[in-house]
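Me: I would like to learn how to read the packing of helices and the contact between domains in a model. Could you take me through an example, slowly?

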Amino acid sequence: MTNNKTNNHGISQAQLDAHWMAFTGNREFKKDPRIIVSAKGNYYTDSNGRQIFDGLSGLWTCGAGHARPEITEAVSNQVATLDYSPAFQFGHPKSFELAHRITELMPEGLNRVFFTGSGSDAVETALKIARGYWRKKGMASKTRFIGRAKGYHGVNFGGISVGGIGPNRAIYGQGIEAGHLPHTMINENKYAKGMPAHGANLADELEEMVALYDSSNIAAVIVEPLAGSAGVIPPPVGYLKRLRELCTKHNVLLIFDEVITAFGRMGSNTGAEEFGVTPDLMTVAKQLTNGVIPMGAVIAKQEIYDTFMDTAGPEYMLELPHGYTYSAHPVACAAALASLDILAKDNLPERVKSIAPYFQEALHGLKGLSHITDIRNYGLAGALSIGAFGADQGKAEPGKRPYEIAMKMWQKGFYVRYGGDTIQLGLPFTTELTEIDSLMNALGETLSEVK
Ligand SMILES: Cc1ncc(COP(=O)(O)O)c(C=O)c1O
């Protein structure tokens with residue numbers, strides 16, 4: 001029987017029941033829903049009319065702030081002009097303009113862009129391009145991937161296979177063949193500010209993997225330059241460079257998953273630029289459209305693109321049998337162009353860089369408060385480990401305290417993300433210093449309230 005009675009959010013129980021929500025404790029949520037009805041600048045408004053600071057920029061998506069008129073206008077004009085055009089065998093002007101614009105923000109050499117519908121799609125696309133590339137090169141046995149413990153690469157089968165967050169993999173059975181490098185969240189790096197000093201040697205574990213699997217069987221290594229979803233793990237000094245050297249030495253592609261780190265959050269256009277290491281393939285999404293319309297992309301080195309072009313037979317043949325109905329969606333392209341315009345016009349990566357030191361000091365100022373076992377940060381990304389550390393994370397009542405902290409913060413008017421045993425912050429690039437102060441005060445107060 002359907003229950004059509006509405007609660008104080010204007011949503012009926014039947015409506016609540018009908019939606020199986022993503023990455024949400026559905027049973028808990030539906031008892032006391034947290035409903036967001038609008039957003040402007042750095043704030044949400046909930047169904048009780050409360051203003052809530054957006055401490056994770058949506059889901060690391062909306063760094064330029066919400067409801068930017070430039071994006072709203074670009075999207076509505078695009079819907080009125082060309083709402084959809086077939087992604088296969090036909091083009092529209094904005095996708096080419098956007099692809100070129102993206103390449104201008106990339107490190108030298110990454111200059112071919114394949115559009116997808118999301119970050120997870122971008123990861124699958126990159127993995128398929130990597131395997132296809134080696135096959136085209138006559139090395140069809142290079143199929144295995146190397147990810148990293150605590151890595152997050154979306155939720156599709158390839159992504160969870162290379163991903164290293166146990167609970168995201170546990171119930172889904174067999175994935176694709178993948179090994180994992182160790183993570184770099186080690187004791188020596190506790191409370192490091194920015195890039196930690198220790199752990200570059202952990203990249204050398206790739207030598208062990210090559211010894212175990214043989215490079216003739218490995219297609220690519222995939223890492224986030226800064227691991228976001230596991231709780232903001234910046235790369236140790238020298239780590240990414242070492243990984244790059246080893247991938248080159250063993251003829252293995254290096255993929256940077258920059259779904260969180262691209263387009264400003266690190267204080268540069270990309271993590272690759274910020275950390276001075278260029279991968280062979282890069283995945284992006286989220287900030288590309290400021291979160292307004294779903295969109296992802298893979299950016300490839302030209303040699304990879306050329307390999308597909310040169311080995312595909314007659315020119316009417318597809319070079320890469322892959323793509324999505326929503327690849328290069330015109331409305332997403334319009335949103336992305338407007339969003340990248342804002343990034344440049346408002347110098348947002350520079351703004352991130354200029355306020356990151358203040359954020360760092362404020363966040364590390366929480367050291368010593370109850371439950372905190374580590375603090376990490378880079379750019380406008382930061383995280384607290386709560387109650388457990390490293391391999392012990394998630395063992396006792398997984399995520400309970402972070403959940404309680406996040407809920408109390410919500411009550412106080414701050415949205416922060418909890419994941420595993422961490423509280424994660426991804427501030428809007430437009431955050432004011434006074435907002436950082438208020439956020440830290442609320443966090444400090446909350447930590448003392450949680451048992
Ligand atoms: C590094 C990374 N890769 C991939 C994804 C998946 O993106 P999406 O949720 O858009 O599929 C995410 C999402 O948080 C991410 O952080």
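Me: How are α6 and α12 oriented to each other?

Reply: Two packed helices are described by the angle between their axes and by the distance between those axes. Axes are lines fitted to C-alpha atoms, for helices over the stretch in contact, and angles run from 0 to 180 degrees between N-to-C directions. In this predicted model, where local features need pLDDT of at least 70 and side-chain atom pairs count only at pLDDT 80 or more, totals for chains, interfaces and linings use all residues. Residues are numbered from 1 along each chain as its sequence is written. Helices (H or I, at least four residues) and strands (E, at least two) are DSSP runs, numbered from the N terminus. Here α6 and helix α12 (residues 302–310) pack at an angle of about 60°, with their axes 10 Å apart, and they are therefore oblique to each other. Angles under 35 degrees count as roughly parallel, over 145 as roughly antiparallel, 65 to 115 as roughly perpendicular and the rest as oblique.

Me: Which residues of α6 and α12 meet?

Reply: Two residues are in contact if their C-beta atoms, placed from the backbone, lie within 7 Å. By that test, I129, G132, Y133 and K136 of α6 meet I304, T307 and F308 of α12. By class, this contact has four nonpolar, two polar and one charged residues, where Ala, Val, Leu, Ile, Met, Phe, Trp, Tyr, Cys and Pro count as nonpolar, Asp, Glu, Lys and Arg as charged, and the others, Gly among them, as polar.

Me: At what angle do α14 and α16 pack?

Reply: Helix α14 (residues 348–364) and helix α16 (residues 433–449) pack at an angle of about 15°, with their axes 10 Å apart, and they are therefore roughly parallel to each other. On the α14 side the residues are I355, Y358, F359, A362 and L363, which meet L433, I436, D437 and M440 in α16. This contact divides into eight nonpolar, no polar and one charged residues.

Me: What does the domain assignment of the chain give?

Reply: Domain bounds come from an automatic or database domain assignment. For this chain, the assignment gives domain 1 (34–64 + 347–449) and domain 2 (71–345), and their centres, taken over C-alpha atoms, are separated by 26 Å. The contact takes 32 residues from domain 1 and 31 residues from domain 2. On the side of domain 1 that touches domain 2, the largest share, seven residues, comes from α14, and by class that side has 13 nonpolar, 15 polar and four charged residues.
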